[in-house]
Amino acid sequence: FDFLKPSYLQMLRLALFLAISICSLSFIIDIENTIALRSFYERKSNEKLPKFLAIRGGGESLNIPSIETLDDLNQILKNAPFQLKILYFTASWCGPCRSISPFLDELAKDLDGKVNFYKIDVDENAETASEYDITQMPTFVFIKEGEVLRFSGTDLEFLKKNIEKYLQP
């Protein structure tokens, strides 16, 4: 029954096949999320996707400032303790982060003056990511007189619902 035992080469081929399959599936899911988010935007706004949002990943945020250090963040939090602030933890290599970023930028523009969004790249600002114990991206931390909510993922409706909830006095 030696012919039934898989050889080392067969096992290696199987492992390589599985690795490629998983990577391909991850890429396909990322593309599907991007398409779903774009069609969501187009349905809500009844117009074509703006040119700057059509670029995959959205590039640099136009409406969400980046926080470079933990000291910078602490200073911001100290200056306006009663205003709702949303910390958006992201990474340049994070597919879901790249997909949702343009929509967050638009949301920040719509809520300007009511909510302050801050973008924190976990690779460039590891100290802040560690302080907030960030293990997944994207992660959102709502702060209003202290931390009030934390969640990870790309659920825009959940994000909007909680913004409305925490904007109430």
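From the N terminus on, the elements of the protein chain follow the order α-α-α-β-α-β-α-β-β-α. The chain holds six helices and four strands, where helices (H or I, at least four residues) and strands (E, at least two) are DSSP runs numbered from the N terminus. The model is predicted, so local features were taken at pLDDT of at least 70 and side-chain atom pairs at pLDDT 80 or more, while totals for chains, interfaces and linings use all residues. Residues are numbered from 1 along each chain as its sequence is written, and side-chain values use heavy atoms, with hydrogens and water left out.

Of the 169 residues in the protein chain, 37% are buried. Buried means under 20% relative accessible area, exposed means over 50%, and partly exposed lies in between (1.4 Å probe, protein chains only). The accessible surface of the chain is about 10800 Å², and 58% of it belongs to carbon and sulfur atoms; such areas come from the Shrake-Rupley method with a 1.4 Å probe, and for residues only the protein chains shown count as cover. Among contacts with a separation of 6 or more, 68% are between residues 24 or more positions apart, a contact being heavy atoms within 4.5 Å.

Strand E3 (residues 139-143) is mostly covered, with five of its five residues buried. Thr139, Val141 and Ile143 point one way from E3, whereas Phe140 and Phe142 point the other way. Strand E1 (residues 84-90) pairs with E3 in the antiparallel sense over five bridges; two strands pair if DSSP finds at least two bridges between them. In this pairing, isoleucine 86 stands opposite phenylalanine 142. E3 is also joined by five bridges to strand E4 (residues 147-152), again in an antiparallel arrangement, and here phenylalanine 142 stands opposite leucine 149. The hairpin of E3 and E4 has three residues between the strands, and glutamate 145 in this hairpin takes a positive phi near 55°.

Six aromatic pairs were found in a search of the whole structure. Rings of Phe, Tyr and Trp (its six-membered ring) pair if their centres lie within 6.5 Å; planes under 30 degrees apart count as stacked, over 60 as edge-to-face and the rest as tilted. The rings of tyrosine 88 and phenylalanine 140 are stacked, because their centres are 5.3 Å apart and their planes lie at 10°. Since tyrosine 88 lies in strand E1 and phenylalanine 140 in strand E3, this pair ties together parts that are 52 residues apart in sequence. Tyrosine 88 is buried, with a relative accessible area of 1%, and phenylalanine 140 is buried with a relative accessible area of 1%. The pair of phenylalanine 142 and phenylalanine 151 is tilted, because the ring centres are 6.3 Å apart and the planes lie at 45°. Both phenylalanine 142 and phenylalanine 151 are buried. One aromatic cluster is formed by Tyr88, Phe140, Phe142, Phe151, Phe158 and Tyr166.

Side chains of opposite charge can pair when their charged atoms come close. The search of the whole structure found one salt bridge, defined as a side-chain nitrogen of Lys or Arg within 4 Å of a carboxyl oxygen of Asp or Glu. Glutamate 147 forms a salt bridge with arginine 150, and the closest N and O atoms are 3.1 Å apart. Glutamate 147 counts as partly exposed at 43% relative accessibility, and arginine 150 counts as partly exposed at 34%.
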